[in-house]
Amino acid sequence: MAYGLTRRSLLRGLGTAALALPVLELTRSKGSAANGRPNRFVLLYAGISTSTDRAPGQVLLRPERTGTGYDLPRALTPLGSGTTAWGQPGYDVQDEVSVVSGLTIPWGADGAIPPGGKSVHFHYNTAEQQTTGMRRGDNRGSGPAASSADVIAADALGETTQGHLSYRVQAARYISGSNSSGGGLDALSLRRRADGSLQSIDATTSPRLAYRSLFSGFVPMDEGREEALRRLRQRRDILAAVRSRTSSLIPRLGMSDQRRIQQHLEELNRLEGRLAMMPEPGMGACVVPTDPGEDPPIADGHNTLENGNVDYTPSRAWSEETLRGETMIDMVRMALTCDLARSVGFRISLDQTFLNAQQAVGVANDMHNTTHSGTADDCSDALAWHVSFFARLVAGLRDTEEVDGSSLLDHTTVVLLFEGGHGHDPEGVQDNRAHSTENMSALIAGRVGGLQGGRHIATDRAHPARVVASALSAVGLEDSLGEISGRIDGLF
Amino acid sequence: MWRWTMVCVLGCSGVIADPPVDPPDDPPLPSGEVLTPNGITRLSALEYDRSVAILIGDDARAARALLPEDARTPFDNDYETQDPSQALVEGEELLAVEAAERLLEDTPRRDEVVGCTPTGVDDATCMRSFARRLVRNAFRREATDEDVAFLVDGEGPELGQWPGAMRMAATFDDFYEGVSGIVQVVLMDPEFLYRVEVGTPDPDTANVYRLNDYEIATRLAFFLWGAIPDEALLDRAQAGGLQDPEARATEAMRMLDQPLARERFVLFHAMWLGYEKLLAGDELGTAMRAETRMLMEQVLFEEAGPWQDLFTYDRTHVNALLAENYGLPVPAGEEGGWVAYDMDERRGLFSHGSFLAHGARNGDTSPVFRGLAVQTRAFCRTIPPPPPGVNTDEGPQSEALCKPERYSAHSGGRCADCHQHIDGVGFGLENFDATGAFRTHESDNPETEGDESTCAIDGEGYLQDVGSFRGPAGLAALGLESGALRHCFVNHVHRLVVGRGDVRRVDAEAIVQLEARLPEGEFTLSDVVRAVVTSEGFGLRREDL
């Protein structure tokens, strides 16, 4: 289906040719131009530590050299021009990416948790500190709540059709965590409501649904236009009916039930609003991607053999996450290009991720256990798999031309955070452990607000939220996040 | 508000119990029965799929891929975890659009759902009869004239107004486009997506409402089927009488005969005991699923015998693959068959590979994780998380080769406070590997230097303050004799019915009352269902303020 001018495709041949579904194939369109490009903010998160217990003293996401021209350890291969261990070409974005190492989330006993700090327990206890900058004990709600940085940025960077995107690559939890706290769903994006309570924002895990949300309202310019307009009108008509019926239901409910359905109504209103605001494809690189089609099926959990060993050969705990992630990353890029959203929360994997590393990178283990029983190379490859999504987005932003001729990366910052680092584990009271929030690393890219790429900055126990605060500062917001203040000066 | 989790601070007191029963926040009913509050509950993905199947015969089961994953606490219907979101609303919209598309493509099903043959694109009479029936079935209440007029005639032709099914049919010059519009609106309507309970205020008790017959029928359906009522149940509600506890029980017994009830209680036990996500989809895992499902169906439905038989049954249904894995005689035929257990240590559900997958880790079985699973899942014990100084990803750090010596570090000092309740349970299951196969020696861990297969397993376990045992059969016997299994089962039935994972003080008292309504000693699934649905509270709603 033609949407306008010429067809072209971006980012092809980047290691995805053999996959069953097409990477987003792009069709260029014309439309109205806009000047004064807005700033954009993307927060990615990986539910894995940056070391393995089997390699004491090795921080796998810390280059040896600091400053510019840093070396690329195996876990950072996707930033370079070489090929990863599992055969994926790098994205050649090292000049755009700065590595911040030596980061630390402080900890303390319950009741004595320092600002931005955590309890001694590790899993499920490190994401919120990094994304909100607030301290948190074992029980959510035990301390003051705050919105995550992506939600803060979405509110501050100006209204768009989507407002904010929340995506997750890992399609399902698969199995629960070893500490039996795996019932929750680890929302990355959090919103502090007016009443002080915290809303966990569900992530979209279906690429098909993400595509529909972003692009199905675009109307083609050719002979299909009339039918498409009719179908779009039909969607809006149906939503109008649902809105009316929901509104009339609310007064019949009890007070607490009213709050829930009122929130449901607000989401319906936002969806209706998105369809009403759906812009025509714009000038430049804003184009409607090819529909990714059906989602890969969601797999079951691991295949446990006798003796408790796991066979990683079948596609268990694996729902084609590489393909899902690449498709979602490309959609994020196009959503930013078309200014459908200016802020994105993007969780690659759940905390303590049990994703099948055999399927992802050819290591016969699950991703989590590469940080315990895996070799340094095994764990590096699991980390590199996460880094590759970050690198793909940075490359895509760099290569996308805005309507004013600038690069999209000139107006964007992208941060990648990790669940843990390497060092002292206050839970196990051991050193050189992956269950540690010492020696954490973060990646940051983008040229907005004076950010400089291509550097390795070794900090002395800076809080990782300061990397996020740096990104917020770069897009024009305060250089603080929650209880943590101050950007990482070396990034500017 | 008082929270169950607060009991953790009490440490490992060794008491198998719900939280201490203090005066409840919510006063009891005049009859003395405790009524726990509940809030509006959204259909889980599983419930959505089953409900669409009942409503319009759509078996696509598409919700898992498109709705946000439901938390398990341990059930999937916990209203306190349900926050509306963009991902939710967009998923629901796409589900509705595609369910309508599938309906229109399947002419026989479409005609059955519509229920009349339109005389033309403008046949408003047919559209109204279809709308009336769909609203009733989807919203679990009588359709009003306003409902029908709204859906068929709409609000108006302007943008931002619902045009109604007749205008939609006219726009596309197709009667069934109007049908599609109604289906989509109804599937996205909160009255379908949520379990809306209103009722009428009870004159005797503040914040308490008497549910109408349709609302009670809906409670029955979600309890017993995990889905909306079918037309027969709605007809029963329309006829009235479900306010009467005995009438509810009669209806519930009819519902237990439906296949959906079997699916419901198979899944109930899997979520409760935590093996829902342990099972793989490979051939052995599939065989284990079948084994456990067959036990549930045999005990709870075919024999309708004591629920306790789930844990004492002396036969199991296996195919050749699973029989060989267990070392049992291989039954004839591909489908497998019932085989008698070959040893006293094996009995019932705890002997199944599906349950014994608990605690598989680090290339072996962990007595700690198995013990934890049994105590926290099956016996409702609250075990606090380990204190600082414990790495839960590894077994105890010890030079010793064999597990009893390695885990002996847990038997002294402060570790013993909790581990006396944990490790002994796991060691009593050590003769059975992570797939349920019998072994006399530990499995060699190739990642260690020593050969663990030289370590003989003695298989003796203990349940602190209760007694010692050998194997799954002995563990089950202690769980039954001590009352822990019975109590924990009732605890979870209550949580399923209320739709809340968090056990408050008032829930704890309600659980005690529910248990007291069961026959002493053995009881059947029917007894449990009867006890739930004949309670006064089953016909009442207390608002969760």
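1. Let me start inside chain A, with Val332(A). Leaving aside residues up to four places away in sequence, this valine touches Val42(A), Leu165(A), Val344(A), Phe346(A) and Leu393(A). Keep in mind throughout that this is a predicted model.

2. As background, nonpolar side chains in soluble globular proteins tend to be buried together.

3. Now chain B as a whole. You'll find 24 helices and twelve strands in chain B, and its C-alpha trace spans about 80 × 55 × 45 Å along the principal axes. Buried residues account for 53% of chain B. Of the contacts in chain B between residues at least 6 apart in sequence, 67% link residues at least 24 apart.

4. A helix pair worth a look in chain B is α5 (residues 124-139) with α6 (residues 145-153). Their axes come within 9 Å and cross at roughly 125°. On the α5(B) side the contact is made by Ala124(B), Met127(B), Arg128(B), Ala131(B), Arg132(B) and Val135(B), and on the α6(B) side by Asp147(B), Val148(B), Leu151(B) and Val152(B).

5. Staying with α6(B): which of its residues are buried? They are Asp147(B), Val148(B), Phe150(B), Leu151(B) and Val152(B). The cover over them includes α5, α7 (165-172) and α8 (175-188) of chain B. Just after α6(B) comes Gly154(B), with a positive phi of about 75°.

6. From α13(B), Arg262(B), Phe265(B), Val266(B) and His269(B) meet Arg293(B), Met296(B), Glu297(B), Leu300(B) and Phe301(B) of α14(B).

7. Check the backbone at Pro74(B). Thr73(B) and Pro74(B) are joined by a cis peptide bond, with omega about -5°. Pro74(B) sits in the loop between α2 (63-66) and α3 (86-105) of chain B.

8. Two non-glycine residues in chain A have positive phi. Asp92(A) has phi near 55° and lies in the loop between β3 (67-68) and β4 (97-103). Gln352(A) has phi of about 50° and belongs to the loop between β11 (341-347) and α7 (357-361). Buried or partly exposed? Asp92(A) counts as partly exposed because it has 16 C-beta neighbours inside 10 Å, while Gln352(A) has 29 and therefore counts as buried.

9. With 29 C-beta neighbours inside 10 Å, Pro464(A) counts as buried; the threshold is 20 or more. Residues up to four places away in sequence aside, Pro464(A) touches Leu103(A), Ile105(A), Gln130(A), Leu417(A), Met440(A) and Ala442(A). As for Val287(A), which is 177 residues away along the chain, its C-alpha atom is 35 Å from that of Pro464(A).

10. Last, helix α2 of chain A (residues 149-156). How many of its eight residues are buried? Six are, so the helix is mostly covered. The buried ones are Ala149(A), Asp150(A), Val151(A), Ile152(A), Ala153(A) and Ala154(A). After α2(A) comes Gly158(A), whose phi is positive, near 105°.

Methods:
Residues numbered from 1 in each chain as written. Chains lettered and ligands numbered in written order. Predicted model: local features only at pLDDT ≥ 70, side-chain atom pairs only at ≥ 80, totals over all residues. Helix = DSSP H or I, 4+ residues; strand = E, 2+ residues; numbered from the N terminus. Buried ≥ 20, exposed ≤ 12 C-beta atoms within 10 Å, placed from the backbone. Contact = placed C-beta atoms within 7 Å. Axes fitted to C-alpha atoms, helices over the stretch in contact; angles between N-to-C directions.
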